[in-house]
Amino acid sequence: MTTTSSDTSTKLRERIRHAITSQQQPTITVLSSLLAVQDAIHYIPDEAIEEVADHSRTSINEVWSVASFYTNFRFTPPGRVTLDVCWGPSCHLLGAQNVLKAVQDELGIDEEATTEDGTVTLRYSTCLGACANAPVVAVDHHMKGRVTPDSAAQLAAGLRTNPPESH
Ligand code: FES
């Protein structure tokens, strides 16, 4: 049996509707609905714009204007694993720039982006909240402190060849 794009879209819409309607508190604003969707599926697909407009009884243009205003929303699916590299003050003082460069070189990207194979999404962080362990990186929000350029590059290489099962 094959999965059609229509099946995929239907399942995606179900997950989006569930995210919007199953919050402990009702999602009463466009922004809170979009945040609920991003928390649930890690990005805002076109289907989410339509579902949030429908749920909020507003227009697609209105939802799009809110979504595009906030830089934290992403509109393409993330990689299987997310690698955050902190470049906040503490990490910066202890070598974050070299850590970041080593990770970018290893992943073959030179900015916040997802690797071509869709495995790893690199993000920059202004503080991961573990400054005492600087420089810090995080894999799907699991922190690793006192990294070096070499250890961070090794970590990034490992994520590409053997990404964690859950996202
Ligand atoms: S500045 Fe990097 S964890 Fe706080």
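These are my notebook entries on what I looked up in this predicted model.

**Entry 1: ground rules.** I count residues from 1 along each chain, as its sequence is written. Since the model is predicted, I kept in mind that local features need pLDDT of at least 70 and that side-chain atom pairs count only at pLDDT 80 or more, while totals for chains, interfaces and linings use all residues.

**Entry 2: the whole protein.** I began with the secondary structure, which comes to seven helices and five strands, where helices (H or I, at least four residues) and strands (E, at least two) are DSSP runs numbered from the N terminus. Reading along the sequence, I noted the pattern α-α-α-α-β-α-α-β-β-β-β-α. The C-alpha trace spans about 50 × 40 × 25 Å along its principal axes. I also looked up burial, and of the 167 residues 27% count as buried, a word used when 20 or more other C-beta atoms lie within 10 Å of a residue's own, with exposed meaning 12 or fewer, partly exposed lying in between, and the C-beta atoms placed from the backbone.

**Entry 3: two domains.** I found the protein divided into domain 1 (5–69) and domain 2 (81–161), with bounds that come from an automatic or database domain assignment. The C-alpha centres of domain 1 and domain 2 lie 30 Å apart.

**Entry 4: helices H3 and H4.** I then turned to H3 (residues 46–56) and H4 (residues 60–69), whose axes come within 8 Å and cross at roughly 120°; axes here are lines fitted to C-alpha atoms, for helices over the stretch in contact, and angles run from 0 to 180 degrees between N-to-C directions. Which residues of H3 and H4 meet? On the H3 side I listed Ile 49, Glu 50, Val 52 and Ala 53, and on the H4 side Ile 60, Glu 62, Val 63, Trp 64 and Ala 67, taking contact to mean that two C-beta atoms, placed from the backbone, lie within 7 Å. By class, this contact of H3 with H4 has seven nonpolar, no polar and two charged residues; Ala, Val, Leu, Ile, Met, Phe, Trp, Tyr, Cys and Pro count as nonpolar, Asp, Glu, Lys and Arg as charged, and the others, Gly among them, as polar.

**Entry 5: the sheet.** What is the order of the strands in the open sheet? I read it as S2-S3-S1-S4-S5, with mixed pairing, where two strands pair if DSSP finds at least two bridges between them. Strand S2 (113–114) and strand S5 (142–144) stand at the edges with a single partner strand each, so one side of each is left without a neighbour in the sheet. S1 and S3 run parallel and are joined by six bridges, and in S3 the bridge partner of Thr 82 is Thr 121. S2 and S3 pair in the antiparallel sense over two bridges, with Thr 121 in S3 as the bridge partner of Thr 114. These two strands, S2 and S3, form a hairpin with five residues between them, and Gly 118 in the turn has a positive phi of about 75°.

**Entry 6: Pro 164.** Last, I looked up Pro 164 in the segment after helix H7 (149–161). Is Pro 164 buried or exposed? Pro 164 counts as exposed because it has 12 C-beta neighbours inside 10 Å. Leaving aside neighbours within four places in sequence, I found Pro 164 in contact with Val 81 and Asp 140.
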